[in-house]
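Please read this briefing with the sequence and the 3D view open. Topics are grouped so that each can be checked in turn.

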Amino acid sequence: MPLLLAVLMASPLSQAEDLVAVAIVDGGIPAPLTSVPGSPDRGRLIVRDISKASCLICHAMPIPEEPDHGQIGPPLEGIGSAYSVPELRLRLVDPKAINPETLMPSYYRIEGLTGVLARYAGTPIYTAQEIEDVVAYLATLKAD
Amino acid sequence: MRFLVLLVGVVSAGLAASAFSRAQEADPTPTPRSGYEFMAPQTQALQDDDFVNPAFFSVEAGERLWSTPMGSEGLSCASCHEAAETSMAGVAARYPQYDPDVGGLVNLEGRINQMLTKEMGAEALAYESEALLGLTTYVALQSRGMPMAVDIEGPARPYFEAGRDYFFTRRGQLDLSCSQCHDGLAGQKLRGDTISQGQINGFPIYRLLWNSTASRHRMFAWCNTSLRAEPEAAGSETYLALELYLAWRGGGLPMESPAVRR
Ligand code: HEC
Ligand code: HEC
Ligand code: HEC
């Protein structure tokens with residue numbers, strides 16, 4: 001069973017069909033990737049998870065209990081006021097659609113990658129539900 | 001062999017497409033600065049004092065091996081090279097280099113293994129074995145303070161180009177190139193780490209994170225894996241080419257081996 005799974009995951013084609021298709025409209029992705037509404041609490045846990053390419057590698061976030069926030073991308077405090085939910089979703093799913101040169105990884109894209117470690121090949125960094133949870137969390141980061 | 005085909009492919013494609021445009025691009029390669037400059041003062045202090053630098057355990061192991069007969073010929077390194085302080089001065093700073101007998105690049109580890117297998121009737125030592133790290137560190141120490149200067153012309157040229165291509169190619173699930181971090185972000189914080197230029201003048205290094213002495217190729221593999229990219233094998237032709245590019249990129253930096261890094 002694990003072997004079969006590994007074989008299936010090794011084939012990008014079959015995996016690609018498992019990714020939810022996303023449509024970019026007016027600089028955002030208006031349609032949620034899942035039918036389950038995102039949970040901001042889960043999102044806040046996911047963005048800290050070092051096993052999931054934590055945003056904290058690059059961004060400062062209003063998560064004071066975590067040490068050593070990165071300084072590579074802009075701080076995300078207030079980001080929920082700067083962008084709409086569809087805009088946040090696109091910035092997470094595929095920031096390269098906005099700026100092909102950006103350092104920020106696409107969290108829900110599998111094409112166009114080179115030499116991906118076998119155990120991650122054919123899978124996006126986040127699942128569709130994790131995208132929704134993190135988007136929901138980012139939307140709560142309002143400027144005051 | 002397969003690599004060579006690949007290499008030629010990469011090089012000719014590179015010439016046709018990218019070398020031309022790259023020449024017009026601004027070269028992002030910064031003025032070389034050693035990783036030492038990016039370390040915390042406590043880490044620098046460990047490197048500054050040979051008596052507390054933990055890599056000196058490797059140096060001592062290498063020094064002992066230098067005069068220990070190994071292999072069926074009953075020879076030690078010292079039988080042919082006598083005092084390493086004189087015979088090995090400046091040698092590490094010139095590696096990797098093209099070796100016509102091998103028909104490819106040889107780095108310091110590879111040259112030492114050649115000595116064992118060809119001159120001494122001994123088995124090659126495994127990459128990252130204490131013995132090979134010891135000999136490599138001991139030989140590299142004899143170049144301390146001397147500027148890195150590798151030859152990238154003639155037959156070394158295609159390897160240099162392949163190494164440069166590798167450095168500028170985004171890879172892994174995080175889709176980042178070596179250059180994006182080590183040219184673009186040097187000096188900035190990636191969480192707790194200050195990113196350096198990824199120079200190799202300090203290797204073999206003692207890496208505190210690993211509690212051990214480590215080769216250049218082990219570090220390449222670590223960065224690859226951090227990007228969730230498939231690492232290459234230590235000693236592989238791809239990593240030798242990358243090593244040659246990096247040695248050129250840090251040209252003029254004084255050799256620091258054995259450096260201490262986070
Ligand atoms: C490897 C570095 C890196 C990682 C990891 C990363 N980002 Fe980014 N991010 C950037 C950079 C750099 C930018 C600046 C935009 C650009 O380069 O075009 C950015 C921009 C953004 C923006 C838009 C900010 C603005 O002011 O326009 C958002 C929102 C964002 N990131 C959220 C996230 C979230 C959420 C995560 C984790 C799920 C994350 N980032 C992970 C590097 C990163
Ligand atoms: C996401 C950022 C990132 C990328 C991309 C990256 N590295 Fe690194 N690299 C680091 C960090 C962090 C360290 C440890 C701190 C330091 O010395 O910069 C490091 C250290 C190094 C060092 C040791 C420097 C020293 O002075 O001891 C070398 C050599 C190196 N990297 C080479 C590479 C190569 C080759 C690649 C591409 C395969 C690469 N790096 C890709 C972040 C990165
Ligand atoms: C039987 C003689 C012999 C023995 C034993 C021997 N070498 Fe050598 N070594 C040579 C010769 C000959 C060369 C090539 C000529 C030269 O570059 O000096 C060489 C070259 C080298 C070089 C490259 C020098 C350069 O300038 O590029 C290194 C490094 C080296 N040897 C290290 C070692 C080490 C370490 C040992 C022991 C493990 C060892 N050698 C044992 C004969 C020997």
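What arrangement do the six donor atoms around the iron atom of ligand 2 make? The arrangement is octahedral, because the six donor atoms subtend angles of 87 to 178 degrees. Donors are N, O and S atoms within 2.8 Å of the metal (3.2 Å for Na, K and Ca), and water is not among the atoms, so sites may look incomplete. Six donors count as octahedral if opposite donors are over 155 degrees apart and all others between 65 and 115.

This is a predicted model, in which local features need pLDDT of at least 70 and side-chain atom pairs count only at pLDDT 80 or more, while totals for chains, interfaces and linings use all residues. Residues are numbered from 1 along each chain as its sequence is written, chains are lettered from A and ligands numbered from 1 in the order in which they are written, and side-chain values use heavy atoms, with hydrogens and water left out.

**Iron of ligand 2**

- The protein donors here are His182(B), through NE2, and Cys223(B), through SG, at 2.0 to 2.3 Å from the iron atom.
- His182(B) lies in helix H9 (residues 178–182) of chain B and Cys223(B) in helix H10 (residues 216–226) of chain B, so the pair ties together parts that are 41 residues apart in sequence. Helices (H or I, at least four residues) and strands (E, at least two) are DSSP runs, numbered from the N terminus.
- His182(B) counts as buried because its relative accessibility is 16%, whereas Cys223(B), at 25%, counts as partly exposed. Buried means under 20% relative accessible area, exposed over 50%, and partly exposed in between (1.4 Å probe, protein chains only).

- His59(A) lies in the loop between helix H3 (40–48) and helix H4 (79–82) of chain A, and Met104(A) in the loop between helix H5 (85–93) and helix H6 (128–139) of chain A, so the pair ties together parts that are 45 residues apart in sequence.
- His59(A) is buried at 10% relative accessibility, and Met104(A) is partly exposed at 25%.
- There are 19 residues around ligand 1, and those that come nearest are Cys55(A), Cys58(A), His59(A), Tyr83(A) and Met104(A). A residue is near a molecule if one of its heavy atoms lies within 4 Å of it.
- The shell holds 14 nonpolar residues, four polar and one charged. Ala, Val, Leu, Ile, Met, Phe, Trp, Tyr, Cys and Pro count as nonpolar, Asp, Glu, Lys and Arg as charged, and the others, Gly among them, as polar.
- An oxygen atom of ligand 1 is 2.9 Å from an N or O atom in the side chain of Asn99(A), and a polar side-chain atom of Thr102(A) lies 2.6 Å from an oxygen atom of the ligand.

**Iron and surroundings of ligand 3**

- The iron atom of ligand 3 has His81(B) (NE2) and Met115(B) (SD) as protein donors, at 1.9 to 2.4 Å.
- Its site is octahedral, with angles of 84 to 180 degrees among six donor atoms.
- His81(B) in helix H4 and Met115(B) in helix H6 of chain B are 34 residues apart, and the pair links distant parts of the chain.
- H6(B) gives the largest share of the shell, five residues.
- The shell divides into twelve nonpolar, two polar and three charged residues.
- A polar side-chain atom of Arg94(B) lies 2.9 Å from an oxygen atom of ligand 3, and the side chain of Tyr95(B) has an N or O atom 2.6 Å from an oxygen atom of the ligand.

**Two buried residues of chain B**

- Arg191(B) is in the loop between strand S3 (189–190) and strand S4 (193–194) of chain B, and counts as buried at 14% relative accessibility.
- Residues in contact with Arg191(B) (heavy atoms within 4.5 Å) include Ile50(A), Glu66(A) and Asp68(A), leaving aside neighbours within four places in sequence.
- Val260(B), in strand S7 (residues 260–261) of chain B, is buried with a relative accessible area of 0%.
- Val260(B) and Thr43(B) are 217 residues apart in sequence and 6.5 Å apart in space, C-alpha to C-alpha.

Notes: A polar contact is a pair of N or O atoms within 3.5 Å; within protein, one must be able to donate a hydrogen and the other to accept it, and residues adjacent in sequence count only if both atoms are side-chain atoms. Four donors count as tetrahedral if all angles lie between 85 and 135 degrees; four count as square planar and six as octahedral if opposite donors are over 155 degrees apart and all others between 65 and 115; anything else is irregular.
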